[in-house]
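Subject: Structure for your review

Dear colleague,

Please find below the structure I am handing over to you. A summary of the findings follows it.

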Amino acid sequence: MTTEGLSIRPLRCGVLRSDAAGFVEGMAGDLDLQVWAFVVHHPGGTVLFDTGMHPDVRDDARGHLGGVADLFRIEYTEDDDVHARLVGVGVDPTTIDRVVCSHLHFDHAGGTSLVGDARIVVQRREWEHARDEEGSGYAHADWDTGQDLELVDGEHDLFGDGRVVCLPTFGHTPGHQSLLVRLDTGDVLLTADACYLRASLEAMALPAFGWDLDRQRAVLRDFARREATGTTLVFGHDPVLPALLGEHGP
Ligand SMILES: [Zn+2]
């Protein structure tokens with residue numbers, strides 16, 4: 001979707017299959033969690049929101065993730081990493097200025113070193129939390145890459161014009177953030193793991209885990225309010241994207 005130089009392009013970066021009930025309370029059977037990254041072009045620069053998984057996950061998920069790997073059947077081909085996906089849609093990875101990490105879990109920050117020229121933008125409280133964690137979804141090799149780092153506190157306007165804004169959505173993790181993109185045609189909110197699926201929002205169904213379930217619930221209520229007033233929500237792991245994002249490849 002493009003409006004006056006501002007655009008959002010989704011990239012498919014693999015699939016995590018798991019037991020649905022762990023991710024959406026009350027849901028039966030297996031669930032395919034689509035791993036997404038998004039390129040946001042702004043006249044002032046190009047941003048990548050989330051980076052998918054680390055290449056090591058492909059060959060040795062347990063070595064990279066520890067016991068968390070056992071929760072998933074991971075589909076992650078060489079075509080699925082964020083570098084390959086960027087090239088596939090005609091974006092030179094060296095032109096990415098900033099990687100905005102929703103949070104530092106392995107399926108959101110794992111491909112950060114594949115866009116090694118970019119500065120990492122993450123909430124300070126997420127960085128400080130992840131620093132003390134290994135396992136439980138965090139792997140230092142994902143994000144402790146030596147790239148330039150910009151730690152932000154709360155709401156953060158990336159270009160100073162209010163059109164691409166990090167919104168704190170703490171709850172899933174201590175420093176989770178979502179990304180608000182104000183296209184001319186309306187506001188789009190990339191929720192990341194503050195809301196996995198449309199079904200999560202419709203049922204107000206939380207995952208079985210999380211840093212603060214009450215905060216997660218409050219964030220879901222805020223998302224429902226935003227949607228009711230015209231914001232288009234793009235859910236963190238939903239296989240279906242809103243039509244306004246257009247075609248998004250294989
Ligand atoms: Zn996730």
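Strand β2 (residues 6–19) and strand β5 (residues 73–75) run antiparallel and are joined by three bridges. Please bear in mind throughout that this is a predicted model. Strand β2 is mostly covered, with eleven of its 14 residues buried.

The second topic is the zinc ion. Its coordinating residues are Asp 107 (OD), His 108 (NE2), Asp 193 (OD) and His 237 (NE2), at 2.1 to 2.2 Å. Along the chain, these donors follow the spacing D-H-x84-D-x43-H. His 108 in helix α4 (residues 106–109) and His 237 in the segment after β13 (232–235) are 129 residues apart, and this pair links distant parts of the chain. Both of these histidines, His 108 and His 237, are buried. The angles among the four donor atoms of the zinc ion are 86 to 157°, and the site is irregular.

His 105 counts as buried because its relative accessible area is 12%, under the cut-off of 20%. Its side chain forms a polar contact of 3.2 Å with the side chain of His 103. Leaving aside residues up to four places away in sequence, His 105 touches Gly 110, Ser 136, Gly 137, Tyr 138, His 172 and Thr 173.

Definitions and conventions:
Residues are numbered from 1 along each chain as its sequence is written. This is a predicted model: local features need pLDDT of at least 70, side-chain atom pairs count only at pLDDT 80 or more; totals for chains, interfaces and linings use all residues. Side-chain values use heavy atoms; hydrogens and water are left out. Donors are N, O and S atoms within 2.8 Å of the metal (3.2 Å for Na, K and Ca); water is not among the atoms, so sites may look incomplete. Four donors count as tetrahedral if all angles lie between 85 and 135 degrees; four count as square planar and six as octahedral if opposite donors are over 155 degrees apart and all others between 65 and 115; anything else is irregular. Helices (H or I, at least four residues) and strands (E, at least two) are DSSP runs, numbered from the N terminus. Buried means under 20% relative accessible area, exposed over 50%, partly exposed in between (1.4 Å probe, protein chains only). A polar contact is a pair of N or O atoms within 3.5 Å; within protein, one must be able to donate a hydrogen and the other to accept it, and residues adjacent in sequence count only if both atoms are side-chain atoms. Contact means heavy atoms within 4.5 Å. Two strands pair if DSSP finds at least two bridges between them.
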